[in-house]
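I opened my notebook to record what I looked up in this structure, entry by entry. The structure itself comes before my notes.

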Amino acid sequence: MGSISHVITTTLPHLPSTRSLGFPISHSNSRLLSLPPTRVAKKVGVFAEHSSRSSTASAASVDFSDPDWKIKFQEDWEARFRLPHLTDIFPNAPPIPSTFCLKMRTPIDRDFPGHYSLDEEWHGYINNNDRVLLKTIYYSSPTSAGAECIDPDCTWVEQWVHRAGPREKIYYKPEEVKAAIVTCGGLCPGLNDVIRQIVITLEIYGVKNIVGIPFGYRGFSDKELTEVPLSRKVVQNIHLSGGSLLGVSRGGPGVSDIVDSLEKRGINMLFVLGGNGTHAGANAIHHECRKRRLKVSVIGVPKTIDNDILLMDKTFGFDTAVEEAQRAINSAYIEAHSAYHGIGVVKLMGRSSGFIAMQASLSSGQVDICLIPEVPFNLHGPHGVLSHLKYLLETKGSAVVCVAEGAGQNLLQKTNATDASGNVVFGDIGVYIQQETKKYFKEIGVHADVKYIDPTYMIRAIRANASDGILCTVLGQNAVHGAFAGYSGITVGLCNTHYVYFPIPEVISHPRLVDPNSRMWHRCLTSTGQPDFI
Ligand SMILES: Nc1ncnc2c1ncn2[C@@H]1O[C@H](COP(=O)(O)OP(=O)(O)OP(=O)(O)O)[C@@H](O)[C@H]1O
Ligand SMILES: O=P(O)(O)OC[C@H]1O[C@](O)(CO)[C@@H](O)[C@@H]1O
Ligand SMILES: [Mg+2]
């Protein structure tokens, strides 16, 4: 099977039909597609997707006995991934030429962004028909490692999403814009980088009225909290430190109160930085604005150190978290290795997804046991973690355990406590493993020197590393481009190394999880050498 090229550069001699591409396309923008052979689904019935929940190709309601199922699937896909636009409620909203200049010739242009000069052919804008291919692997069989199939035959079905970036036509006059930025949920490296880029890009469009809402959604209702005026001058150096210039919070007012506040303040562009919960809120704000027929663009920027947002290569702050986490693992290794029968236990963040633990284990190369929420394990018993630790002490002399905070919650007593946003408060699996390990080795009369490291908040509070800095920069810029293009209820993301827009509901229907059948988890197991603990 040949490789599938999704980066397309040459003009096609015979264009694939609009239907085969799965979305309407103007020929001026068509590109060469290297298509693998499509096999016809032979089996009939509904295929229960067996693979990762990270796949979006939910085929639960597709009838594969219908010869047109693939066309219907793609039409449905196009409808699902269509980006809500201001013209949906204001069909006569007039587009104007963009004030975002890709070439600025004189310093004067910086103070008053002008129209792109029409005498030049090169544009550099994104065409609304540009798309990015979401899935790039052709799985020849559902049994292929990590296969994400739609039908029982694993037929090749293209899944396209919208390319992000500046459009030639915009739907807001910069002088009429009041833009607001709000950061919600927990901290994450890179929040300040995103805030900074949003402000800088808004100013390049010509927006003068930019404010920050303090302490998350709470800032919309709390009378004691006032808007923070933002400008290039204010944000110039904020990316040099971690945290959020604006502060964060969980909980806060209801959607109706938030939209009342938007109306009162005259905000017509809202940039919302946060995780699943924040995006659910952003989507609800978008719908409430539509219900009230307000010309407002609500744009999300996914912020989650856990990397648990669907469809994206990664979210900002994740790389930084992994880099910092492996420093903690390294310390645990040194402590364990330097002690007689030393055991180092490191707890990392990851409520429902073990991405940080998995990647930090892989990058450090010093972890013997990696425990994540997606993979059940026993602590006790002949196949349990403790018995493997005993084996490791006997054979290696020391061991390192890396556990994600959401792992093994079934082993702990439930509290039923929730935080202000309604998220369940977890028991401390790290402390539990530390205590049980000490108890176990005492009981069997084997010396063990157990050291527990919990670096979670230290990891979350640091500034973004270089690769996250770049990701934040592009996401922040694209958020502003999306708002000016007239979209609302969307979020920005990285998809197969390309930058895209997604309708919010498609990325938050459930948390993205590590697929225990994926190559990456298997690579982690290969690296640690750990057995199954069940
Ligand atoms: N379903 C929802 N509808 C509307 N607002 C919500 C919803 N869920 C959460 N929120 C609001 O979004 C904000 C952030 O939610 P939450 O605390 O769950 O963090 P998050 O965005 O998921 O980020 P993190 O990754 O740090 O958990 C809170 O102010 C909360 O009230
Ligand atoms: O202590 P807080 O702010 O509630 O945050 C803890 C949670 O936030 C996260 O970092 C997600 O942002 C989770 O990994 C963690 O469970
Ligand atoms: Mg959350």
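How far is an oxygen atom of ligand 2 from an N or O atom in the side chain of Glu405? I found the distance to be 2.6 Å, which I note as a polar contact, that is, a pair of N or O atoms within 3.5 Å, where within protein one must be able to donate a hydrogen and the other to accept it, and residues adjacent in sequence count only if both atoms are side-chain atoms.

Before going on, I wrote down that this is a predicted model, in which local features need pLDDT of at least 70 and side-chain atom pairs count only at pLDDT 80 or more, while totals for chains, interfaces and linings use all residues. I also noted that residues are numbered from 1 along each chain as its sequence is written, that chains are lettered from A and ligands numbered from 1 in the order in which they are written, and that side-chain values use heavy atoms, with hydrogens and water left out.

Entry on ligand 2. I looked up two further contacts of ligand 2: a polar side-chain atom of Asp306 lies 2.7 Å from an oxygen atom of the ligand, and a side-chain N or O atom of Arg250 is 3.0 Å from an oxygen atom of the ligand. The protein covers 80% of the 400 Å² of accessible area that ligand 2 has on its own (Shrake-Rupley method with a 1.4 Å probe; for residues, only the protein chains shown count as cover). Among the residues surrounding ligand 2 I also listed Lys303, Met349, Arg351 and Tyr457, each with a heavy atom within 4 Å of the ligand.

Entry on the domains. The domain assignment, automatic or from a database, gives domain 1 (167–310 + 463–494) and domain 2 (317–460 + 515–526). I noted that ligand 2 lies between these domains because both give residues to the shell around it. I counted contact as heavy atoms within 4.5 Å, and 15 residues of domain 1 are in contact with 19 residues of domain 2. In domain 1, Arg250, Ile305 and Asp306 lose the most area to domain 2, together 40% of what that side buries (the accessible area, 1.4 Å probe, that two parts lose on being put together, summed over both).

Entry on ligand 1. Of the 15 residues around ligand 1, those that come nearest are Gly186, Arg250, Gly251, Thr278 and Ser421. I found a backbone N or O atom of Gly251 at 2.4 Å from an oxygen atom of ligand 1, and a backbone N or O atom of Gly186 at 2.7 Å from an oxygen atom of this ligand.
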